[in-house]
Amino acid sequence: MKQLLTHIIGRRMTANVLTLAVVLLGIYAVIRLPLAEYPVIDFGSASIETSYPGASAEDVEANVTSRIEKELLTLSDIKTFTSTSEDGFSSIRVQLKDDVKDVPRAMQDIRDAVSRVSDLPAGVTESPRVRVTKSSSLDFMIVGVSGDIPYAQLRQHARALELELRRLPGIGNVLPNDLREKEFWIEVDQAQLSRYGLTLDDVATAVTERNVLMTGGSLESYQSAQDLITLSELKSLDALREVQISRSPVIRLDDVSGQISESFERPGSYASINGEQVIAFDLRTSDAVDVTATATAVRELLAREQLKAGDRVEYRVGFDLSVEIQSKFDVVKNNGIVGLVLVIITLALMLNRNIALWVAMGIPFSLLGVFALLAPLGQVLDSYTLAAMILIIGIIVDDAVVVSEKIVHRCESGEPVNSAILNGLKDILPAVLTSMITTFLAFLPLMFLPGNTGKMLYVMPMTVGLALLFSLIDVVIVLPSHLRPILERKRTGKPLQRKAVAESRFRSLYLRTVTRAVRYRYITIPLLAVLIIGSGGLSLQQLNYIFYPTQGAYLIEVEAEVDSSANIDDAWRYSRALEQIIAAEGEHVARWYGSVGAPYSSFLISLVPSNDRDVSADAIVEKWQAQADELEGFVDVEFEVDAGGPPKGRPVDIMVVGGENADRERMATDLTHWLQQRTGVKKVFRATDDERPVIVADIDYERLNRYGISVLELARTLRLSVDGERISRVFAGDEEVHYRLLLQHDDRNLNTLENLELRAADGQMVKARDLVQWRESETAAAIKHYNGERSIRVSGMIDQALTDPLAVEAQIWEQFPISEYNGVRLVSNGKAKETREALHGLLTALAVALVAILLALILLFDSIWESLIIMSIVPFGLAACATVLHLHGEPLSFFALVGAIGLVGVMVNNSLVLVCHYQQQLETAIPDNIEAFAVEGSLARLRAVSLTTVTTVAGLIPLAYGLGGYDNYMGPIALVMGWGIMVAAVVTLVFVPCVYSVYLKARLRKQSKTAELMSETA
């Protein structure tokens, strides 16, 4: 070891070249690394969407959703799947198990399962769409086109914009909203059909058979080969009108049609940006793309299109994640700069300025080294990675402080420079290595947390590990090489560490304090334990556990449900009143986007940054919620503050699953009433199986069989009459156009349907009224499933000052046993579910970190008792975490617990260095006065402990209190770690000497007794 250190510290040129290389590579990486909100991860979730136009919710459930779910049940990697079946549309959300290793293969299994569903109804003209959710494929921007012009003209601008958007580098997917496909509408006059003895099926068959484009093969000749093509496409309205329905007599389509026109498919939803109706595009990025750069390119494209379009068309932005990402990065960057400046100022005040400069250089060296390795490791520059760097600023400088302080102390004691550097490194390197290992071990379990939050947090231990690696390189290679010339120049000059009057007084005060503490150690030890740990325990009982606090949040999500009898135009009319509420908060709202449908609509509202408004997102939501409750036409309007974490939904979100309909309804009703009476639970919502009025055709099967007409023929005729059906298609210009056949508008009523005619097997015409009886009934507007079973959602908000999701759900499980509801069961589906999983994972991570750190200490000291002395400060630090959260009015959030885990590794470092010092002193001589030995040892490490504590806290203070802007992710981590490290330093300098003196006295007594026993035996 000594020869290796001698070789390393003597190569100054190597140190300079290494420093230059790391700095240049790091700067290059900073310029090239893409910015993103999240690390590059796969959330393990996918959505399956199927369009079934004209079908009722029950039809969609039975013939689409259930058939797909049956195949999904055969896959072992799926954790849960939920579905919604509504009129004309099926949506299934799939979540993989957390322990799935090969996510791409599991996703391919889902696609294969969906493709195996071969018996979907004929009305499902397009295959189900499977979309995989990744951090890199989330929507980052929503743009739209609006204008006071006809829809056809607006659509032309929208299609041109879509093509340009798809060509932009960095955009992986463009999802349109209300960009309707072109259709030729063939509206048939029912009276004319009866007059000529024709049916709707005759018309559909004639058009389909007339619209042909078919290749007949290749005609080969001696000189060349030519393809034979049968071309009979209908690309114009005039051609459609001339289609012959009957040859004898000649009856053309124009003879039986009320109107043939160019139109568009019926809208499935309307889009709104800042209150204006638009054709919108939801933009998704491709993998590892700089979101801010891509968003800038989109804005530039919109500006160019705006210049070409003029004033009648306006290009709008409804959501722009790059603004929020840039704001978050500015917060992290500003706090990082402030923290770095504070660290440098602290070093300059407490160390010689020349030495302080090179000690501080360890910070950019380590951080730029991390940047240089991120790209080769396949990472991006996300907020989690940057925040980890900010947290580590004060920690990585600790090692340089300890090493430089040890070297300078030896040098000032008269030791030659080379010897001081060599022996100083040799003395302190084991403790430095162990402290780095313990810090990394504390963060390491975060890599293995369950759920999507754990997937995002894996970059933090990776970043911390890389930073510690470069910090080790700095203190072993770079720092000693730069200290040598400074120490040699100052060898005969003034002392390197001039102790100011304030420092001298501080040392005197500390000496008196620690002397008394050690002297009365049997009082000091329990007194500190009661004061610090006791106060922490009391504070912990007062804290609510909130997964993601909403302080600093800037996004509000709205889910709205209109009455089941409302159509899409009704929903749009109702949404105008809701958007007026949003618009009235103009000073706090930056922009918003809405997707309006029937019965469900959603809105995404971006607030101005929290630093630029004087009201919280929660206060805005509470105000809006009260106003929205008074709106007409809505069954429910739910506002949710998006705190930025993966768990979505309401704090209390329960699925009532399985069983018979009556039992499920009864349990859902009982649960709703119970929640409404609970203190701290508010805005309880029970999703009803809303039913809308329908007219049911009761079929006379005996007559149907007598006439030789199938049920499918009858059902198709009724669908053709009302909703219509796409019967063929053609490519006109650069897009596909479908033919839709239906009755003309005035004929779409019950009286006309009764007179519809179908052709029997013998050729005679049979009216529909002879085959069916009409009756009024009701059917479900939307049907929800959980893992293939019908379910009812019961949800609620909470008052964070009175309760938390975990407490409410714990009471629910006690109150509602499944035995009382014939097997109907409750499933947690909201924040509490992932909160519970994450809490279990965090507690496991904390236990693993403690055990790993203890094992590392035992390997270093070869002593269980000395390792336990070092670990004895952990309860004090954790208690300080609870106390500081309580005093600051903060909840026990997920990130606060992450900070507590990181604190475990950091706060043992000072204790570790102090116990190492005691051990080195014991190797020289056995002390006669144990109390004096403990006090002198702590006094010798006072400067290093104080300096490392102050530098670490200085690096964390800006992020903890938002001096450069508040970040609701990392603020709690910095707050917990900053105050915890301060308390740990006090405990290290007071409590550890007391405990070590007790340990040393017992150890020496045991050694004495052993020696006496051996002498007697001899």
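How many aromatic pairs does the count come to? Here are my notes; keep in mind that this is a predicted model.

1. **The count.** The answer is twelve aromatic pairs. Take Phe184 and Tyr739: their ring centres sit 5.7 Å apart and their planes meet at 35°, so this pair goes down as tilted.

2. Are they buried or exposed? Phe184 has a relative accessible area of 5%, so it is buried. Tyr739 is at 0%, so it counts as buried too. The cut-off to remember is under 20%.

3. **Another tilted pair.** Have a look at Phe816 and Tyr821 as well: their centres are 6.4 Å apart, with 35° between the planes, and the pair is tilted. Phe816 is buried at 7% relative accessible area, and Tyr821 is buried at 6%.

4. **A cluster of rings.** Tyr918, Phe933, Tyr996 and Tyr999 make up one aromatic cluster.

5. **Helix 31.** Phe933 is part of helix 31 (residues 930–940) and is buried there. Other buried residues of this helix include Ile930, Ala934, Gly937 and Leu939. An α-helix has 3.6 residues a turn, so residues three or four places apart point the same way.

6. **Ser863, in a loop.** Where is Ser863 found? Look in the loop between helix 27 (831–861) and helix 28 (864–871). With 14% relative accessibility, Ser863 counts as buried. Its side chain reaches two backbone nitrogens: that of Trp865 at 3.5 Å and that of Glu866 at 3.2 Å. Beyond its neighbours within four places in sequence, Ser863 is in contact with Ile858 and Tyr999. Tyr999 is one of the cluster members from point 4.

7. **Charges over rings.** Arg180 is over the face of Tyr151, 4.1 Å from the ring centre. Arg678 is over the face of Trp674, at 4.4 Å from the ring centre.

Notes
Residues numbered from 1 in each chain as written. Predicted model: local features only at pLDDT ≥ 70, side-chain atom pairs only at ≥ 80, totals over all residues. Heavy atoms only, no water. Buried < 20%, exposed > 50% of the residue type's maximum accessible area, 1.4 Å probe, protein only. Helix = DSSP H or I, 4+ residues; strand = E, 2+ residues; numbered from the N terminus. Phe/Tyr/Trp six-rings, centres within 6.5 Å; stacked < 30°, edge-to-face > 60°. Lys NZ or Arg CZ within 6 Å of the ring centre and 35° of its normal. Polar contact = N/O pair within 3.5 Å; in protein donor to acceptor, adjacent residues only side chain to side chain. Contact = heavy atoms within 4.5 Å.
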